[in-house]
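Colleague: Could you take me through this model? I would like to begin with its charged side chains.

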Amino acid sequence: MMAPTRRLTSPARHIPAHKVGWAAFAVTAALLFAWVGLRFGLNSPPSTSGDEPSYDSIAWELSHGNGFAIDYSDPEFRKPYDVAAKTHPELFHLESTKDGPVAFRPPLLPTVTAVGNLLFGRQFWFLRSLNILLTAATAGLIAWYLTREVGLPATMVAVLLFLIDVRVRLYARALLTEPLACFLATWLTLLLIRMSNQIRHRDVALAGAVTGLSILTRSIVVLWLPGLLLIVWLVRRRGHFRRLSAAVRTSVLFLSCVIVTMLPWAVRNVILLDRFAPLGTQGLMELAAGYSDAAWQHSGVWQNLSSSDVFADVALKDKTGVVRELAIADVSKAKAIEWVRSNPTKLPALAAMKVYSEFRPYSRLQTLVLLLALTGAIASWHCMATRVLVGLLLTNAVAVTLTWSVEGRFVVPQLFVIYALCGVGVGTITNRFSSSELPVSPHS
């Protein structure tokens, strides 16, 4: 993808980077399949305490031609949960409700899962296997990239740290969006790095399409757009690409491809909701979770509003589907605006608390990885690739300040960025103790 002329270490030339990448993919996939299959089962239902059943139900309804809807009362859909609830009711109890059409979940993951339902019927192994393969693909791309940039020894350390990261194991087996979001963010990152070396219109268009798919996977990515546009602008303006008109055209092409990719989903939501909410209702429904006394008291970490009295003055009992979503969204938005107006001086501190809660390490391993990534970023800051990587982290941090923290979950899509910098940090440190001459830079 890239053709760096200066690297932190001399790569192992007898082992091509693509072979290292495929090896890392195969090892990661084998380990994750073995761990998930033997410990949990590839076809076991997910816990009903989180988001997984809603994605599962939407996919089931899509595969039966019922549209983007939720129906927990369908006997065939319920069967795996009801069977599991006989022995573990605290984990698998599912209320028999029917919401009909919904707009609070992004569409890409349920659509992919629906394909599995069409092909294989009622099961869970299709999406779980896909998530394992997507996680393994991210590991392979980390290995491929770092082998080119810092050599094989540092690559092996970084991939090993990736493999033992609890976030990798947790989300590889969960029926959630993280593995797909992480793979798409990795693809986007590599495209942006390649664009920093040479601008091709097809790369710009592809980066826009991948960004659109990322938004259709996790709606918060729409808040990355200003930062992504700035990165695209900067990589277009560097070197011999200094014409303002060329930078503008590149940014317009990128944004146009984002919009075109999202357009069908946006039109569906606007028609269904009868208001301008192209990404659906999730952001507005949860807005008070980011701006409220509860958010302040919990350092900006997301709190479940449904278990509080935030919606006590709204008659939700008889509302279902988008009617319920819109009622919640209206109240949540009003509550958030009211809190912001009443507490403007708290906003900077709240934003800082959200970023700290999201990006701080939650284990010794994450602390080590963060320190290595900081070392790598500092050591190679003069390289454009590093600036792109750091710019992506800052872009995500801004999105967190505007929403809420989920204690590290929003960082998962950027694991490639973190482990790429971590690998550079490992290479930097190992070279300090090497007797060989130190080459200049890990990136072109």
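**Salt bridges and surroundings**

Modeller: By the rule used here, the count comes to 10 salt bridges, a salt bridge being a side-chain nitrogen of Lys or Arg within 4 Å of a carboxyl oxygen of Asp or Glu. This is a predicted model, in which local features need pLDDT of at least 70, side-chain atom pairs count only at pLDDT 80 or more, and totals for chains, interfaces and linings use all residues. Residues are numbered from 1 along each chain as its sequence is written, and side-chain values use heavy atoms, with hydrogens and water left out.

Colleague: Which residue does Arg105 meet in a salt bridge?

Modeller: Arg105 pairs with Asp51, at 3.1 Å from N to O. The two belong to distant parts of the chain, 54 residues apart: Arg105 is in the loop between strand E2 (98-101) and helix H5 (108-120), and Asp51 is in the loop between helix H1 (17-39) and helix H2 (52-63). Helices (H or I, at least four residues) and strands (E, at least two) are DSSP runs, numbered from the N terminus.

Colleague: Is Arg105 buried or exposed?

Modeller: Arg105 is buried, with a relative accessible area of 8%, whereas Asp51 is partly exposed at 25%. Buried means under 20% relative accessible area, exposed means over 50%, and partly exposed lies in between (1.4 Å probe, protein chains only).

Colleague: And what about Glu178; which residue is its salt bridge partner?

Modeller: The partner is Arg409, and the closest N and O atoms are 2.5 Å apart. Here too distant parts of the chain are linked, with Glu178 in helix H9 (residues 178-197) and Arg409 in the loop between helix H19 (384-402) and helix H20 (415-432), 231 residues apart. Both Glu178 and Arg409 are buried.

Colleague: Which residues are linked in a network of salt bridges?

Modeller: The network consists of Asp51, Arg105, Glu178, Arg218 and Arg409.

Colleague: What does Asp203 pair with?

Modeller: Asp203 forms a salt bridge with Arg194, and 2.9 Å separates the closest N and O atoms. Asp203 counts as buried because its relative accessibility is 2%, while Arg194, at 24%, is partly exposed.

Colleague: Let us change topic. What is Thr186 in contact with?

Modeller: Thr186 lies in helix H9 and counts as buried at 1% relative accessibility. Leaving aside neighbours within four places in sequence, Thr186 is in contact with Thr138, Leu141 and Phe416; contact means heavy atoms within 4.5 Å.

Colleague: Then Ile429, please. Where is it found?

Modeller: Ile429 is in helix H20, and at 33% relative accessibility this residue counts as partly exposed. Not counting residues up to four places away in sequence, Ile429 touches Leu372 and Thr375. Ile429 and Ala379 are 50 residues apart in sequence, with 9.7 Å between their C-alpha atoms.

Colleague: Now the whole chain. How many helices and strands are there?

Modeller: The protein chain has 20 helices and 2 strands. Its C-alpha trace spans about 70 × 50 × 40 Å along the principal axes.

Colleague: How much of the chain is buried?

Modeller: Buried residues make up 54% of the 444 residues. Of the contacts with a separation of 6 or more, 77% come from residues 24 or more positions apart.

Colleague: Why does the radius of gyration agree with a compact globule?

Modeller: The two agree because a compact globule of 444 residues would have a radius near 22 Å, and the protein chain has 23 Å. The radius of gyration is taken over C-alpha atoms, and the globule rule is 2.2 Å times the number of residues to the power 0.38.
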